[in-house]
Amino acid sequence: MTDGMRQVSTRRSHVRTLRTALTSVLVLAVILVGGCGRVSGLLDSVSLFHPVWAADGWVYYLREVTSTSGSGVAEVWRQRPDGSGEEAVLTRAPAVPACEAGLFSFLFADPDGDLGVALECGWDGTELLTYSPADKTFEPLASTRFLAGAALVNGDGRGYVQARRKCGPGGIQLLADGKASEFPSPVTVDGTTFNLSGSDTGCESMVLVRSPATMGERLFFITAPDTLGRLPLPVEVYPSDFTWHLTEWDVGSATARFLAELPGLADLAVSPDGRSVIAAVASDHVGGVWSVDVDTGKKTRIADGKRAYHPSFSPDGKRFVYVEAFRRLRFAEAR
C-alpha cells in the first residue's frame, strides 16, 4: 500500500469512526425524546481536503459528504478567507478522453494562478489538468500512473509528482512534457545516498520520500533516511514509525541538504518569497503546523492541533490555510 493510499485509507477510517459515533448519539437522542421520525441527512459527515489559496483570492478545496449508506464523491468547492461566500464550483469531474469516468483525487497550485486538478482514473491512472475559474475551462497537463500529489515549477507543466514505486510507498518523479519519469541520478545528503524514485539497483538504494514542494529551481520534500535498505516495509510497519527530515534539493547544483527534523509525517508548502517552508504535521502528540527557516533550519510551531494536513500560502505570503482533521479549514498568520 502506498503512503498516498495510506493517507486516503486514514481519512476514510476517520470518516467511518466519526460517522459511527455520530450515529450512536443521534439514535440515542431520538429514543430519549420518543421520536421515530426520519433522521437521514442528519448523519451525513463532511470531509475537506487539499485547499489551494488561488490568485483570485478564493480558497479552493475538495469537499466530500459521506452518509451512512456509503462513501460519497468529492466535489470542488471554494470560500473566501473570511469564511464567507462558500459555494460549489465543480460537482463532478470532467470527462476527458483518457478518463471519462474519473473522480477528483487532489488539488494543487498552478504557477500561472489557475487551479491544478488531479483525476483518479480507475485503479492505477491519474490525469492532471489545469482549471481556469474565470473561463471555466480545463487544459490537459499530464497523463500518468497513480499519483498522490504534484508540485509544478512553472506554467509549461514542469514539476514533480509523488508516485508509488515497486519497493513500496513514497517516491518522487520528474514531470515534463505531459509524462512522469524517474529521477536520473541518486541524491546524497550528509553522506547518505538514495534514490528519490525508481532504481535499477533494487530496493536497497531507496528510502521513503514524499510531499514535493517547489520554489524556482529548489525542490523540498520529506524523507526518512532510516528506511534505507528496509523497503518494502512489512505490513505491520507504518511510515509514521520513522524519523522524517525536511530536505532541500538544488536542481542547478544537484546537491541536497537536511534542513530540519520534523515531528511526524507532513505535507509541505513553500512561502512565495522562498524563505520558509511550512509543514502540516499529523500527530497526536506534536501535530500542527511548523515553519522552517530555509537559511538556518530553525523550526517554529505556528499553529496547534493534533491532525494538520495540506497547507497552502496566500498569494502575498502573509497567511496560510490548512485542513484540521479533515473536518474544517483553518487560517493562520505566517510568522
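## The largest pocket

Strand S15 (208-215) gives the largest share of the lining of the largest pocket, six residues. Helices (H or I, at least four residues) and strands (E, at least two) are DSSP runs, numbered from the N terminus. The model is a predicted one: local features need pLDDT of at least 70, side-chain atom pairs count only at pLDDT 80 or more, and totals for chains, interfaces and linings use all residues. Residues are numbered from 1 along each chain as its sequence is written, and side-chain values use heavy atoms, with hydrogens and water left out.

The largest pocket has a volume of about 1,000 Å³. The search runs on a 1 Å grid over the protein atoms alone. A pocket is an open set of points with protein on both sides within 12 Å along at least five of seven lines, where a 1.4 Å probe is used, and lining residues have an atom within 4 Å of a point. Grid points are joined across faces, edges and corners, and the volume is the space filled by probe spheres set on the points.

In total, 42 residues line this pocket. Closest to its centre are Phe108, Ala109, Ala269, Val270 and Ser312. Elements that give two or more residues to the lining include helix H1 (3-32), strand S9 (147-152), strand S19 (266-270) and S23. By class, the lining has 25 nonpolar, 12 polar and five charged residues. Here Ala, Val, Leu, Ile, Met, Phe, Trp, Tyr, Cys and Pro count as nonpolar, Asp, Glu, Lys and Arg as charged, and the others, Gly among them, as polar.

## Overall make-up

The protein has one helix and 25 strands. Of its 335 residues, 52% are buried. Buried means under 20% relative accessible area, exposed over 50%, and partly exposed in between (1.4 Å probe, protein chains only).

Contact means heavy atoms within 4.5 Å. Among contacts between residues at least 6 apart in sequence, 42% join residues at least 24 apart.

## Two nonpolar cores

A nonpolar core is a set of buried Ala, Val, Leu, Ile, Met, Phe, Trp, Tyr and Cys residues joined through side-chain atoms within 4.5 Å. The largest has 31 residues. Val76, Phe104, Leu107, Leu115 and Leu119 have the most contacts inside it. Strands that give two or more residues to this core include S1 (45-53), S3 (75-79), S5 (103-109), S6 (115-120) and S24 (319-324).

Leave aside the neighbours of Val76 within four places in sequence, and its contacts include Tyr60, Leu62, Val89, Phe104 and Leu115. A second, separate core has 26 residues, among them Ala213, Phe220, Leu233 and Val294.

## Strands S23 and S24

Six of the six residues of strand S23 (residues 308-313) are buried, so S23 is largely enclosed by the rest of the structure. S23 pairs with S24 in the antiparallel sense over four bridges. Two strands pair if DSSP finds at least two bridges between them. Phe313 stands opposite Phe320 in S24.

The hairpin of S23 and S24 has five residues between the strands. There, Gly317 takes a positive phi near 80°.

## Backbone details in loops

The peptide bond from Leu231 to Pro232 is cis, with omega near -5°. Pro232 is found in the loop between strand S16 (218-224) and strand S17 (244-250).

Asp190 has a phi near 50°, a positive value in a residue other than glycine. Asp190 lies in the loop between strand S13 (187-189) and strand S14 (192-194), and counts as exposed at 67% relative accessibility. Ala254 has a phi near 55°, also a positive value in a residue other than glycine. Ala254 is found in the loop between S17 and strand S18 (255-262). At 51% relative accessibility, Ala254 counts as exposed.
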